[in-house]
Amino acid sequence: MATRVLLVGFDKTENENIKKIYGAVQVATESLASIESAMERIPTDPPALVLAEEPASLDSLKALDLCLKAHAPSTAVLVTLKSPSLNRAVDAMRLGAYDCLKKPLQRFDLLVATKRATSSYGRSIIVPKIVLPKRRLPQIILVFVCLVAMSLGIWKLVDRSPSTTLSLDSKYLSGIQWEKRSLWVGDWFNATVTQFRAKRGLTKKSRRLITEGLYRMKEGQPILVCHTPEGLFTVGTDLQLRSHKWDVGLPQLQTIKIPGTNPTGLAWDGNSLWSVDGHSGFLYRYDRFLRVLQTERSLIPRPEGLAWGEGSLWVLGSRPLQIARLEKVDQGYVWRGPYSLLDWIPLEKKPTGMAIGFGRLWLGLDGDSQIVSKSLSSIIKAKSAWKRAEKKE
Amino acid sequence: MQIEKRKIPRFTTSVPVGLRFSKGNEKEGWGRILNLSPEGILLETRFRLKVAHVIYVSFALKDGAKFDNLRARVIRVKYEEGYFLGAVAFDDIVDKQTLGDVISALAYEGGIRVS
């Protein structure tokens with residue numbers, strides 16, 4: 001049994017683990033409880049290597065070294081350190097250990113130290129090349145990334161729009177606005193503003209609209225509504241722009257005569273309120289006291305709707321049906337488009353409200369209780385495809 | 001017959017050496033000096049050595065001469081199955097006196113000249 005490793009001072013579990021590691025490379029082991037018992041055993045049957053647990057006193061290591069020098073000069077010693085420190089390691093090596101290993105023992109460290117120690121003493125008990133085990137960290141990161149991607153994917157799925165067409169049970173829709181998952185709808189006939197919320201869910205059915213609140217206006221009939229962090233704004237049939245307090249009857253905070261004679265859209269860009277006039281074709285930006293700060297001429301003549309979404313202000317034109325967007329660039333604004341919607345809505349249908357939400361354009365149609373939608377990207381792509389075709393010609 | 005071409009001879013030995021690293025995750029480690037000269041040492045260690053890194057080496061010779069935290073620079077590294085063989089040159093910080101001490105200690109050590 002010359003090519004065996006003597007394990008000294010390890011508990012049962014550690015012995016089992018070490019045996020397994022050595023067993024995998026066909027190296028026999030023998031366990032002994034203490035360095036003293038090892039010193040009795042070594043002269044009778046010298047092992048190829050002694051793997052010893054760090055003794056309480058380093059004197060025992062010195063004694064072991066003397067014993068090995070006398071009876072087994074070609075036997076190397078490796079010492080395992082419970083709390084590895086440079087000084088303890090160097091002291092142990094000075095007293096005869098070839099190398100010191102940190103605990104818990106790693107298979108790779110143990111095998112390479114065994115191979116090197118024994119070969120430096122003129123023996124070789126592990127022949128195969130020892131390869132550093134593949135690091136698991138990249139795999140763990142990969143699994144983590146996959147899990148995150150899956151969660152994001154599921155979240156994206158759950159967070160999708162409720163449906164491409166939504167029934168709102170009112171034929172008098174006068175203004176619609178998406179605000180994250182909340183849909184604000186005005187009804188000019190019943191003088192109400194309804195807040196719906198699109199539920200989250202994996203299936204279309206579970207992503208249905210639920211009514212969150214119904215507010216009846218005491219004064220005015222809303223033809224346009226816009227919810228902002230600063231309150232609710234409406235434009236009534238009397239052409240008054242009102243800011244409302246959140247209370248029963250939506251009491252007015254402020255009222256002004258809206259500029260223009262045919263207001264067709266109201267939108268909040270995150271900082272300011274905007275309106276558009278279908279007659280003059282002007283867009284108006286307001287400050288918090290509803291004073292007009294800025295006017296912009298619409299790219300589309302006779303605009304029929306206004307909405308904010310995807311970082312732009314979108315303007316709808318109904319004759320022909322098209323949209324354009326006003327994008328803020330540095331200090332000014334730039335118009336993009338127009339994008340044609342001719343093939344989407346039948347010519348006889350007149351849009352009564354417009355909203356942008358979930359990356360889609362939503363339209364309320366005259367005399368219709370449902371709102372329909374179309375993906376903005378498809379609208380923009382259609383325009384670029386048309387442009388490309390035109391260039392080829 | 002091989003002729004010693006080095007200006008300063010090296011001595012083979014097997015002396016434990018303590019290592020302190022200025023960079024990397026490990027702050028300290030240990031290894032074994034395989035040969036030494038007043039210019040530097042060749043050591044083996046399971047702790048990662050990288051060329052150009054500064055390390056601090058501590059070792060004691062058999063005559064009791066002790067060298068603590070000698071600033072040195074790794075100039076060459078070879079990897080052999082879990083062990084790094086590193087050629088390490090003492091930095092300028094090691095003064096003439098220390099170098100003299102090493103040489104005299106080596107004489108006591110009775111190392112074998114490498115040719």
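Figure 1. Chain A comprises 393 residues, of which 37% count as buried. Its secondary structure consists of seven helices and 25 strands. Among the contacts in chain A that link residues at least 6 apart in sequence, 50% join residues at least 24 apart. For the complex, the predictor reports an ipTM of 0.85 together with a pTM of 0.50. The pLDDT of chain B averages 79, and 69% of the residues of that chain score at least 70. Where pLDDT is low, the predicted coordinates should not be read in detail.

**Figure 2. The contact between chain B and chain A.** On one side of the contact stand eight residues of chain B, and on the other 14 residues of chain A. Two strands of chain B, β1 (11-21) and β2 (28-37), each supply at least two residues of the side that touches chain A. By residue class, this side of chain B divides into three nonpolar, two polar and three charged residues.

**Figure 3. Strand β1 of chain A and its parallel partners.** Strand β1 (residues 4-8) of chain A is largely enclosed by the rest of the structure, because four of its five residues are buried. β1(A) pairs in the parallel sense with strand β2 (residues 28-32) of chain A over five bridges. Within this pairing, A:Ser31 in β2(A) is the bridge partner of A:Leu7. Helix α1 (residues 12-23) of chain A, together with β1(A) and β2(A), makes a right-handed β-α-β unit. β1(A) is also paired in the parallel sense with strand β3 (residues 49-53) of chain A, here over four bridges. In that pairing, A:Leu49 of β3(A) stands opposite A:Val5.

Figure 4. Strand β8 (residues 182-187) of chain A pairs with β9(A) in the antiparallel sense through six bridges. A:Arg197 in β9(A) stands opposite A:Ser182. The two strands β8(A) and β9(A) form a hairpin with four residues between them, and A:Ala191 in the turn has a positive phi of about 55°. Strand β10 (residues 209-216) of chain A is likewise antiparallel to β9(A), with seven bridges in the pairing. Here A:Thr211 in β10(A) stands opposite A:Phe196.

**Figure 5. The open sheet β19-β20-β21-β22 of chain A.** Four strands of chain A make up this open sheet in the order β19-β20-β21-β22, with antiparallel pairing. β19 (303-309) and β22 (332-340) of chain A stand at the edges; each has a single partner strand, so one side of each is left without a neighbour in the sheet. From one strand to the next, the twist averages 20°. β19(A) and strand β20 (residues 312-318) of chain A run antiparallel and are joined by six bridges. Within this pair, A:Trp314 of β20(A) stands opposite A:Ala307.

**Figure 6. Two loop residues of chain A with positive phi.** A:Leu239 is not a glycine, yet has a positive phi of about 60°. A:Leu239 is located in the loop between β12 (231-236) and β13 (240-244) of chain A. This residue counts as partly exposed because it has 16 C-beta neighbours inside 10 Å. A:Phe358, also not a glycine, has a positive phi of about 55°. The loop that holds A:Phe358 runs between β23 (351-357) and β24 (360-365) of chain A. With 18 other C-beta atoms within 10 Å, A:Phe358 is partly exposed.

Figure 7. The peptide bond between A:Lys103 and A:Pro104 is cis, with omega about 0°. A:Pro104 lies in the loop between β5 (99-102) and α5 (107-120) of chain A. A:Thr261 occupies the loop between β14 (252-257) and β15 (263-268) of chain A. A:Thr261 is exposed because 10 other C-beta atoms lie within 10 Å, and the cut-off for an exposed residue is 12 or fewer. The C-alpha atoms of A:Thr261 and A:His279 are separated by 6.5 Å, although the two residues are 18 apart along the chain.

Definitions and conventions: Residues are numbered from 1 along each chain as its sequence is written. Chains are lettered from A and ligands numbered from 1 in the order in which they are written. This is a predicted model: local features need pLDDT of at least 70, side-chain atom pairs count only at pLDDT 80 or more; totals for chains, interfaces and linings use all residues. A residue is buried if 20 or more other C-beta atoms lie within 10 Å of its own, exposed if 12 or fewer, and partly exposed in between; C-beta atoms are placed from the backbone. Two residues are in contact if their C-beta atoms, placed from the backbone, lie within 7 Å. Ala, Val, Leu, Ile, Met, Phe, Trp, Tyr, Cys and Pro count as nonpolar, Asp, Glu, Lys and Arg as charged, and the others, Gly among them, as polar. Two strands pair if DSSP finds at least two bridges between them. A crossover is right-handed if, with the strands pointing away from the viewer, the path from the first strand over the helix to the second runs clockwise. pLDDT is the predictor's confidence in each residue, from 0 to 100. Axes are lines fitted to C-alpha atoms, for helices over the stretch in contact, and angles run from 0 to 180 degrees between N-to-C directions.
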